[in-house]
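Please have the sequence and the model open alongside the text.

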Amino acid sequence: SIHPDAAFSEQIVFCVVQSELVDAVTSIVLGAKKSSDEIVLSIPAVKSEHTNGSDHNSAVSKGLFSTMNPTLLLSLCDALGESQRLAKQFNDNNGQRTLLWKAGLRGSSKPNLIRQETHALRAMLAILLRLLNDPRSEPVQDQVAKGVLSVVSAVLRGYGEAASDARRTAYAPVVCELLQECLRLPPHLLPALGAEFPLHLCELVETAEGQPLRSLLATLLRQFILTKNCATAHASAKPE
């Protein structure tokens, strides 16, 4: 039989590896993040007749998104989605977390995989919203649009339904990522976020915490209002 300590160690290693893989994918695809909660990927420069060390380092810094096939990027999103769902399933199972805590996974709080859950969601969000505005993804546009609706819903639901301050704090950067990526989209693509997305933003006004989140939210709402006003004015100006 497996000793309980060995079983715990195996599960801990599995969780750590999952979390590190999520961060590694984020760094490789979207670029090395210069913040404390992101992995900074360090790859030696490889010189060739086509690139030099500076070009390579620049590519690593910006990520390899533009060089990757959209189908491959969607496959990565599927893997990230599976990682996010597994983490969320564990985080939502309070009974299991309590049992593990009492059985030996000691700490100041119950074990959780909130970092894995939110980082996977954040990476999916950035990849899918960039694919939405990428001409290369036209052959898989339906899959991209479906993925966008799913991940946007998951982000807003995760923040809005957070049952604790810690969980809401963990989800705040993901919501900020959503708002930032939306602001990068051209106005004609905003409807792809769903017909109810503006209403969800209004609901977010009631729960948004922190100046960065509120500022991004205000900017995006202004953009929606201006886009709506421009569309209305354009329609009114058409000759009958």
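From the N terminus on, the protein chain runs α-α-α-α-α-α-α-α-α. That gives 9 helices and 0 strands, where helices (H or I, at least four residues) and strands (E, at least two) are DSSP runs numbered from the N terminus. This is a predicted model, in which local features need pLDDT of at least 70 and side-chain atom pairs count only at pLDDT 80 or more, whereas totals for chains, interfaces and linings use all residues. Residues are numbered from 1 along each chain as its sequence is written, and side-chain values use heavy atoms, with hydrogens and water left out.

**Confidence and packing**

The pLDDT (the predictor's confidence in each residue, from 0 to 100) averages 80 over the protein chain, and 77% of the residues score at least 70. Over residues 34-60 pLDDT stays under 50, and the model has 35 contacts beyond four places in sequence for this stretch. A contact means heavy atoms within 4.5 Å. Among contacts in the protein chain with a separation of 6 or more, 66% come from residues 24 or more positions apart.

Of the 240 residues of the protein chain, 38% count as buried. Here buried means under 20% relative accessible area, exposed over 50% and partly exposed in between (1.4 Å probe, protein chains only). The table gives values for selected residues.

| Residue | Relative accessible area | Class |
|---|---|---|
| Phe197 | 1% | buried |
| Glu181 | 2% | buried |
| Asn91 | 8% | buried |
| Phe224 | 15% | buried |
| Ile28 | 37% | partly exposed |

**Selected residues**

Asn91 lies in helix α3. Leaving out residues up to four places away in sequence, Asn91 touches Arg97, Asn112, Leu113, Ile114, Glu117 and Arg167. Glu181 belongs to helix α7 (residues 165-184). Beyond its neighbours within four places in sequence, Glu181 is in contact with Ala126, Leu129 and Arg130.

Ile28 sits in helix α1 (residues 4-30). Its C-alpha atom is separated by 6.1 Å from that of Leu64, 36 residues apart along the chain.

The structure holds 1 aromatic pair. Phe197 and Phe224 form this pair, which is tilted, at 5.9 Å centre to centre and 50° between the planes. Rings of Phe, Tyr and Trp (its six-membered ring) pair if their centres lie within 6.5 Å; planes under 30 degrees apart count as stacked, over 60 as edge-to-face and the rest as tilted. The pair links distant parts of the chain, with Phe197 in helix α8 (residues 197-207) and Phe224 in helix α9 (residues 211-237), 27 residues apart.

**The second largest pocket**

A pocket is an open set of points on a 1 Å grid over the protein atoms alone, where a 1.4 Å probe fits, with protein on both sides within 12 Å along at least five of seven lines; lining residues have an atom within 4 Å of a point. The second largest pocket holds about 410 Å³ of space, a volume being the space filled by probe spheres set on the points, which are joined across faces, edges and corners. Its lining has 21 residues, of which Asp78, Arg85, Met124, Gly147 and Ser150 are the closest to the centre. The elements that give two or more residues to this lining are α3 (70-92), α5 (114-132) and α6 (141-160). Helix α3 gives the most, with 9 residues.

By class, the lining has 9 nonpolar, 7 polar and 5 charged residues. Ala, Val, Leu, Ile, Met, Phe, Trp, Tyr, Cys and Pro count as nonpolar, Asp, Glu, Lys and Arg as charged, and the others, Gly among them, as polar.
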